[in-house]
Amino acid sequence: MTITRIGTTARWSDVVIHNGTLYVVEVPASVEADIHTQTREVLASLKQLLEANGSGVDKILMANIYLKDIGDIAAFNEQWDAWIPAGTAPVRACVQVELANPGYRVELQLTAAA
């Protein structure tokens with residue numbers, strides 16, 4: 001079985017594709033921004049990564065959403081709901097966590113069909 005790793009560093013890969021499934025994690029670029037800006041950044045980057053690798057937002061199978069403050073869930077969901085095409089919502093978990101960079105308010109992990 002072939003495993004394709006894209007953007008690989010010593011610690012992580014930007015994308016991993018195996019057996020027709022794409023795995024990706026994204027964090028915001030603007031670590032001092034609010035949840036609205038960080039969510040927009042993460043969703044835009046994920047859309048680009050998915051499409052560049054033979055997938056798309058409508059092909060997401062599972063999403064794990066990590067929020068610094070669960071109180072940000074409404075702001076996150078407002079953008080998420082507009083981003084996910086109608087009728088294609090994946091299974092999803094959303095939890096409050098302490099993220100690796102104190103400036104991150106959101107981190108998103110996706111599994112998608114490639």
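## Helix α1

The model is predicted. Helix α1 has 18 residues and spans 25 Å from its first C-alpha to its last, close to the 26 Å expected at 1.5 Å a residue.

The buried residues of α1 are I35, Q38, T39, V42, L43, L46, L49 and L50. Viewed down the axis of α1, these buried residues fall within an arc of 130°, so they line one face of the helix. An α-helix has 3.6 residues a turn, so residues three or four places apart point the same way. On the other side of α1, Q48 and A52 are exposed. The cover over the buried residues of α1 includes β2, β3, β4, α2 and β6.

## The sheet

Six strands make up an open sheet with mixed pairing, in the order β1-β2-β3-β6-β4-β5. Its edge strands, β1 (3-6) and β5 (91-96), each pair on one side only. Neighbouring strands of the sheet are turned against each other by 10° on average, direction ignored. Helix α1 (residues 35-52) packs on this sheet and touches β2 (15-18), β3, β4 (60-67) and β6. The direction of α1 makes about 25° with that of β6.

Strands β3 (residues 21-26) and β6 (residues 106-113) run antiparallel and are joined by six bridges. In this pairing, L22 stands opposite A112 in β6.

## The nonpolar core

The largest nonpolar core has 24 residues, of which V24, L50, I60, W80, W83, L108 and L110 touch the most other members. Two or more residues each come from β2, β3, α1, β4, α2 (73-83) and β6. The largest contribution is that of α1, with six residues.

Which residues does I60 touch, not counting those up to four places away in sequence? The contacts of I60 are L50, W83, I84, T88, P90, L110, T111 and A112. One of these, L50, is among the buried residues of α1, and A112 is the residue opposite L22.

## The loop between β2 and β3

N19 lies in the loop between β2 and β3. Although N19 is not a glycine, its phi is positive, at about 50°. Most residues other than glycine have a negative phi.

Is N19 buried or exposed? The relative accessibility of N19 is 66%, so N19 counts as exposed, the cut-off for exposed being over 50%.

Methods: Residues numbered from 1 in each chain as written. Predicted model: local features only at pLDDT ≥ 70, side-chain atom pairs only at ≥ 80, totals over all residues. Heavy atoms only, no water. Pairing = 2+ DSSP bridges. Helix = DSSP H or I, 4+ residues; strand = E, 2+ residues; numbered from the N terminus. Axes fitted to C-alpha atoms, helices over the stretch in contact; angles between N-to-C directions. Contact = heavy atoms within 4.5 Å. Core = buried A, V, L, I, M, F, W, Y, C linked by side-chain atoms within 4.5 Å. Buried < 20%, exposed > 50% of the residue type's maximum accessible area, 1.4 Å probe, protein only. Expected span 1.5 Å × (residues − 1). Arc of directions from axis to C-beta.
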